[in-house]
Amino acid sequence: MENSEIVLVTGGTGAVAIHCILQLLQKGYSVKTTLRSINKKNEVIEMLKTGGITSFDNLKFIKADLTKDDNWTEAVKGCTYVLQVASPTHLASKDENEMIRPAVDGVLRVLKAARNAGVKRVVMTSSFGALGFSNKDRSTETTEADWTDPNEKGLSPYEKSKVLAERAAWDFIKKSEGNLELTVINPVAIFGPVLGPGKSPSFGLLKLILSGSWKAVPNIPLNVVDIRDVADLHIRAMTNPDANGQRFIASADGEISMPQIAALLKNKMPGAAKKVNTKTLPNWVLFITALFNPQAKQAVLFLKINRNVSNAKAKRIFGWIPIANNEEAILASMESMLKFGIIK
């Protein structure tokens, strides 16, 4: 399948970005991708080979960093669409602005370059954290109309950066002269298969559960989505006329709790889950611990969030049907971790 349109995917080594690149190449698009270091080029190629790509004639690499102006004009040149997937990465810091400022500035840097180059549409990867962390009314649905209060008690600097970066993006489009369109994807917790041994958004949680370091598992509910479904939604949002100016929650149906995840791993992958504890931690223990522990304070926020999350908008506008349910996405993550030696 051939397609004359060029798509820029930012941050090509990222777990979501590489799935976007894979699906775009499979659909016949020409793809450019940015890397902070061009030395990562072979890493991207190897991951795409794992995904089944054999020809790389339609793939171009450009060195560009969200924190610098260099090469963004070249990156967006000739592109019809931009998938703004990359996020700045930072070491842990007591100053939340070290994460927030680069996230906001990076998004604006890409949007300005795209507008100046005559790009048709930017699809931005935001987060459920940008919309779902302030709705605690479980008699309602959480939808794309919701926004997280950036001053929400217990909100992490990462989630706060996602709120403020997305706000800045919509504000830029509102005030910008020109025809640049914006669509935003807000994924929940991302699981599913990876294409290489690099980090996946879900691996940290699974490794924590697998380590057995928890004597009891916090009874925190999660909404889950498969990484392949997230990439698919980006590409649907890229071309659908009705997606312009819209946000879309990327989530499988329903929810799954962390004790349910622990039980799933113990049941389906007993060899890898020997240390997993399936005992549930009472909520009151978390509430007490949160009085003096920042991680527990964030966990309490997770407990309070309304997990009645709607994916109806993506289904209605795109005819999007997630290929994996909660359990399938989690088990696919586990299979990847075993495949690439991340766990044994």
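Biologist: Which helix holds Ser-336?
Modeller: This is a predicted model, where local features need pLDDT of at least 70, side-chain atom pairs count only at pLDDT 80 or more, and totals for chains, interfaces and linings use all residues. Residues are numbered from 1 along each chain as its sequence is written, and side-chain values use heavy atoms, with hydrogens and water left out. Helices (H or I, at least four residues) and strands (E, at least two) are DSSP runs, numbered from the N terminus. Ser-336 sits in helix H12.

Biologist: Is Ser-336 buried or exposed?
Modeller: Buried means under 20% relative accessible area, exposed over 50%, and partly exposed in between (1.4 Å probe, protein chains only). Ser-336 has 5% relative accessibility, so Ser-336 is buried.

Biologist: Which residues does Ser-336 touch, not counting residues up to four places away in sequence?
Modeller: Contact means heavy atoms within 4.5 Å. By that rule, Ser-336 touches Pro-193, Val-194 and Phe-203.

Biologist: Where is Lys-344, and is Lys-344 buried or exposed?
Modeller: Lys-344 lies in the segment after helix H12 (326-339). Its relative accessible area is 86%, so Lys-344 is exposed.

Biologist: How many residues apart in sequence are Lys-344 and Gly-271?
Modeller: In space, C-alpha to C-alpha, Lys-344 and Gly-271 are 8.5 Å apart. Not counting residues up to four places away in sequence, Lys-344 touches Ala-272 and Leu-338. Along the sequence, Lys-344 and Gly-271 are separated by 73 residues.

Biologist: What do the buried residues of H8 pack against?
Modeller: Helix H8 covers residues 258-268. Its buried residues include Met-258, Pro-259, Ile-261, Ala-262, Leu-264 and Leu-265. They pack against helix H6 (203-211), strands E8 (217-218), E9 (221-222), E12 (256-257) and E13 (280-281), and H12.

Biologist: How do H4 and H5 run, roughly parallel or roughly antiparallel?
Modeller: Axes are lines fitted to C-alpha atoms, for helices over the stretch in contact, and angles run from 0 to 180 degrees between N-to-C directions. The axes of H4 (residues 97-117) and H5 (residues 157-175) come within 8 Å and cross at roughly 30°. Angles under 35 degrees count as roughly parallel, over 145 as roughly antiparallel, 65 to 115 as roughly perpendicular and the rest as oblique. So H4 and H5 are roughly parallel.

Biologist: How many nonpolar residues are in the contact of H4 with H5?
Modeller: Residues of H4 including Met-99, Leu-108 and Arg-115 meet residues of H5, among them Tyr-158, Leu-164 and Phe-172. Ala, Val, Leu, Ile, Met, Phe, Trp, Tyr, Cys and Pro count as nonpolar, Asp, Glu, Lys and Arg as charged, and the others, Gly among them, as polar. The contact has one polar residue, three charged and 14 nonpolar.

Biologist: How many aromatic pairs does a search of the whole structure find?
Modeller: Rings of Phe, Tyr and Trp (its six-membered ring) pair if their centres lie within 6.5 Å; planes under 30 degrees apart count as stacked, over 60 as edge-to-face and the rest as tilted. The search of the whole structure gives three.

Biologist: What is the pair of Phe-248 and Phe-318: stacked, edge-to-face or tilted?
Modeller: Both residues, Phe-248 and Phe-318, are buried. Phe-248 is in strand E11 (residues 247-250) and Phe-318 in helix H11 (residues 312-318), so the pair ties together parts that are 70 residues apart in sequence. The ring centres are 4.5 Å apart and the planes are at 40°, so the pair is tilted.
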